[in-house]
Amino acid sequence: MRSLVSPERFAHILRVAELAARIAEANGLEPERAYLAGILHDAAREFSPERLAELAPPQHEVECKHPKALHGRAGRRLAESWGVEDEGVLEAIEGHVYGVHPGQGIGMAVYVADVSEPGRGVNEDIREMALQGQLLEAYRKAVKSKVEYLQHKGVPIHPRTLEAYRELLAQPGLSSNP
């Protein structure tokens, strides 16, 4: 896997994997599964748009205009080709780009780790919340932050991100509409 990404991307991947494992453990989940998903989450991140589309054909306009949005699904395909069969791990790899169903603990751990790993220099509050056993709250805050950021930038929001956001809106503690 290391040969598929730059040294900087690989350093990020390691930080995400290690943090995802710590978050999983703090929340009663299996750290090994979170680590595996974290190690594989960005395997396809630096692929060309053509290679991404080959592995994960675009399904709508957002993916056509923003091919990097395909790297989660493409990463899932790579993981499957490497023999990964754990559906929770595969969903976490795919969903780290868009978001996952709030009941998918490994996916939430990887999503939160990806947006809050120390090398990014942001979202320390989200990271600390997750490490204190408040994974759902940290995930809510991370998804809300992503939606608000994309709105502010005028970037189209992936339908699966909106789906995750709306699922979280249906639960207490998160308000506002995209």
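The second largest pocket takes the largest share of its lining, four residues, from α10. That helix spans 159-169, and α6 also supplies at least two lining residues. Helices here are DSSP runs of H or I, at least four residues, numbered from the N terminus; strands are E runs of at least two. A pocket is an open set of points on a 1 Å grid over the protein atoms alone, where a 1.4 Å probe fits, with protein on both sides within 12 Å along at least five of seven lines; lining residues have an atom within 4 Å of a point.

One caution on the source. This is a predicted model, where local features need pLDDT of at least 70, side-chain atom pairs count only at pLDDT 80 or more, and totals for chains, interfaces and linings use all residues. Residues are numbered from 1 along each chain as its sequence is written, and side-chain values use heavy atoms, with hydrogens and water left out.

Back to that second largest pocket. Its volume is about 180 Å³. Volume means the space filled by probe spheres set on the grid points, which are joined across faces, edges and corners. Among the lining residues are Arg 76, Glu 91, Glu 94, Arg 160, Glu 163 and Glu 167. By class, the lining has six charged, three polar and two nonpolar residues. Asp, Glu, Lys and Arg count as charged; Ala, Val, Leu, Ile, Met, Phe, Trp, Tyr, Cys and Pro as nonpolar; the others, Gly among them, as polar.

Now the largest pocket. Its volume is about 810 Å³. It has 27 lining residues, with Arg 45, Val 97, Lys 146, Tyr 149 and Leu 150 nearest the centre. Two or more residues each come from α6 (87-98), α7 (105-116) and α9 (135-153). Which helix gives the most to this lining? It is α9, with six residues. The lining divides into twelve nonpolar, eight charged and seven polar residues.

Next, the whole chain. It has ten helices and zero strands. The radius of gyration is 15 Å, close to the 16 Å from the globule rule for 178 residues, so the chain is as compact as a globular protein of that length. That radius is taken over C-alpha atoms, and the rule is 2.2 Å times the number of residues to the power 0.38. The C-alpha atoms fill a box of roughly 40 × 35 × 30 Å along the principal axes.

Last, burial. Buried residues, under 20% relative accessible area with a 1.4 Å probe and protein chains only, make up 48% of the 178 residues.

Technical notes. Buried means under 20% relative accessible area, exposed over 50%, partly exposed in between (1.4 Å probe, protein chains only).
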